[in-house]
Amino acid sequence: MAASVVESAWTYLITQFSDFQLACLGSFFLHESVFFLSGLPYIYLERAGWLSKYKIQTKNNTPAAQEKCISRLLLYHFCVNLPVMILSYPVFRYMGMRSSFPLPSWKVISTQILFYFIIEDFVFYWGHRILHTKWLYKHVHSVHHEYATPFGLTSEYAHPAEILFLGFATIIGPAITGPHLITLWLWMVLRVLETVEAHCGYDFPWSLSNFLPLYGGADFHDYHHRLLYTKSGNYSSTFVYMDWIFGTDKGYRKLKVLKSYGDDAVGKDI
């Protein structure tokens, strides 16, 4: 039943729109929809003070700071992201991307997306560490760190050079495999949801990091934003093992241990 619905919807798309329109304009529309629909609620949570007991930092961003983020994001998305999607279309076509039938099986889709997450995390880790060198941090990456208390939409708030530089980590996997467009769309949706959640500023009981040991999540990345660029660590985008292997999460781990001791002490007092 679900497969037939997907096939019917896909038939409509490929008969009404060209491959270029779907790959470029369709991808852009999907990205903007998922990004803002998943990110905007965190602004309202912060302003209203709802679920504040799950907020990682007590500090809140001002409405002016939030509005600055949104206006800058729209500028960068239309002036950087959209042109990059259009210009990269011939490359993806050359690498084998297609939108025609047959649709890939769920086994193929899930295998490719898992590969994308792994390779993206690896490339992002090293690119992110490079951006924390003195010169690049001062002139490029410091833009992203203007928000020491991140919220969902700050995930894509960055210098245009960083958007291009770290964006490479997101597209390298699909560029290697030449996926079906539906796989590329699903990858984009999951990656957007992941990075928005990592910047959301809330550690909920239902957060994936509380169920998946290798997943970083909001608490892991929030630590990165709170510290000075030379001492932050936690450079990975999705998982935690790269930081563990190369020892760039030691400060975070020590803080977690100290916090657990503090919680135990409070529990005993009670």
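Mentor: Helices (H or I, at least four residues) and strands (E, at least two) are DSSP runs, numbered from the N terminus. This is a predicted model, where local features need pLDDT of at least 70, side-chain atom pairs count only at pLDDT 80 or more, and totals for chains, interfaces and linings use all residues. Residues are numbered from 1 along each chain as its sequence is written, and side-chain values use heavy atoms, with hydrogens and water left out.

Trainee: Okay, which residues in helix 1 meet helix 7?

Mentor: Val6, Trp10 and Leu13 do, against Leu181, Ile182 and Trp185 in helix 7. That contact has six nonpolar residues, no polar and no charged. Here Ala, Val, Leu, Ile, Met, Phe, Trp, Tyr, Cys and Pro count as nonpolar, Asp, Glu, Lys and Arg as charged, and the others, Gly among them, as polar.

Trainee: At what angle do the axes of helix 1 and helix 7 cross?

Mentor: Roughly 105°, and the axes come within 12 Å. Axes are lines fitted to C-alpha atoms, for helices over the stretch in contact, with angles from 0 to 180 degrees between N-to-C directions. Helix 1 and helix 7 are therefore roughly perpendicular (65 to 115 degrees).

Trainee: Switching topic: is Thr183 buried or exposed?

Mentor: Buried, because its relative accessibility is 0%; the cut-off is under 20% relative accessible area, with a 1.4 Å probe and protein chains only. Thr183 sits in helix 7, residues 181–198.

Trainee: And what does Thr183 touch?

Mentor: Leaving out residues up to four places away in sequence, Pro104, Ile109, Gln112, Ile113 and Tyr116.

Terms used:
Buried means under 20% relative accessible area, exposed over 50%, partly exposed in between (1.4 Å probe, protein chains only). Contact means heavy atoms within 4.5 Å. Angles under 35 degrees count as roughly parallel, over 145 as roughly antiparallel, 65 to 115 as roughly perpendicular and the rest as oblique.
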